[in-house]
Amino acid sequence: GLRDMEEFEIRLLDVIAIVRRRWIQVLICTFVGFAVSATLAFTVTKTYRVETVLIAVAGQQPSISESLLGQLGGLGSLAGSLVGSSSSTQEEAIAFLQSRTFTRDFIVQKDLLPVLFPDAFEESMTQKQARSAELPTIWDGVMRFEDDVRKVERDRVSGLIRFAMEWNDPQIAVEWARDWVSEANTRLRQRAIDEAETNIAYLENQLELTSVAELRQAIYDLMESQIKAAMLAQARSDYAFRVVDPPMMPDPDDFVRPQRVLYILIGGLFGFLLGTAFVLYLDRHRLLRADRA
């Protein structure tokens, strides 16, 4: 209790006294910490953030009224599922934008492994290593993108999506951000077209199997909604995501890492703590030698 607090205060006062007595050594260590951290802060590779603002506009199919579903009878539930699955919803589109499958395809399409892991591939070329097992894999590339490169932040109130690429070359980051969104739109648009065409083929088959006039008319209406959906997808290049604010090239000094001031402060603090520990060790060593003497 109180005795422990008094002993702690005495020890703390002892430490302060030792630091004041050997302040030059502490100051030198602090200065070295500042110098090392400053050197790292100004020499480490810069990382730039290129951001584009999107809004999910995944095409929704024309709604099928309850009366139409009622006319379809037993096909009603199936018709509802056809309409619902004929295009990606906004949630599905956002999930696709950051999916590992799409990330893998993007890396393969652009052959990005040598770009993501330049040191490994340069070393491989230098040492003429032929075994692919020694090189980073596609999975390594996907993990690198997820952890360090691609950033997705969604504001559920406004619906805006901040999609960013962080990389040491701002020009490459701009290219990746632009191409990523463009390719996602292309993939999702083609998926919607394929699903609509599959649904139309199915409905045409059902049309041949029925002779009930009301049911045939309902199927025609449903086919019309699918045709409109396919036409909408074909006509819109920004089928799933509309770019509100396109990616822009940042200035050379507009980097997100390293945070130089933070680096230097942490380095100075570490130097001070290391210097304090060093002078405490010296003082303890001096006392031990005095006791032995």
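Predicted model: local features only at pLDDT ≥ 70, side-chain atom pairs only at ≥ 80, totals over all residues.
User: Is Val36 buried, exposed or partly exposed?

Analyst: Buried means under 20% relative accessible area, exposed means over 50%, and partly exposed is in between, using a 1.4 Å probe and protein chains only. Val36 comes out at 46%, so it counts as partly exposed. In space, the C-alpha of Val36 is 7.1 Å from that of Gly267, although the two are 231 residues apart in sequence.

User: How do I read the burial pattern of a helix, say α5?

Analyst: An α-helix has 3.6 residues a turn, so residues three or four places apart point the same way. In α5 (residues 90-97), the buried ones are Ala93, Ile94, Phe96 and Leu97. They span an arc of only 160° around the axis, so they sit on the same side of α5; the arc is taken from the directions from the helix axis to the C-beta atoms.

User: And what do those buried residues pack against?

Analyst: Contact means heavy atoms within 4.5 Å. The partners of the buried α5 residues include β1 (48-56), α6 and β3 (160-167).

User: Now the sheet: in what order do the strands come?

Analyst: Strands of a sheet pair through backbone hydrogen bonds, either parallel or antiparallel. DSSP has to find at least two bridges between two strands for them to pair. Here 4 strands make an open sheet, ordered β2-β3-β1-β4, with antiparallel pairing. β2 and β4 stand at the edges with a single partner strand each, so one side of each has no neighbour in the sheet.

User: How many bridges join the pairs, and which residues face each other?

Analyst: β1 and β3 are joined by 8 bridges, and Leu54 has Ile161 in β3 as its bridge partner. Between β1 and β4 there are 4 bridges, with Ala56 partnered by Phe241 in β4. β2 and β3 pair over 5 bridges, and Arg150 stands opposite Met165 in β3. As for burial, 6 of the 8 residues of β3 are buried, so β3 is largely enclosed by the rest of the structure.

User: What about aromatic pairs: how many are there?

Analyst: Rings of Phe, Tyr and Trp (its six-membered ring) pair if their centres lie within 6.5 Å; planes under 30 degrees apart are stacked, over 60 edge-to-face, and the rest tilted. The structure holds 10 such pairs. In one of them, Phe106 and Phe145 have ring centres 6.4 Å apart and planes at 80°, so the pair is edge-to-face. Phe106 is in α6 and Phe145 in α9 (residues 138-149), so the pair ties together parts 39 residues apart in sequence. Both residues are buried.

User: Where is the cis peptide bond?

Analyst: The bond from Arg257 to Pro258 is cis, with omega near 0°. Pro258 is in the loop between β4 (241-245) and α12 (260-292).

Notes. Residues numbered from 1 in each chain as written. Heavy atoms only, no water. Helix = DSSP H or I, 4+ residues; strand = E, 2+ residues; numbered from the N terminus.
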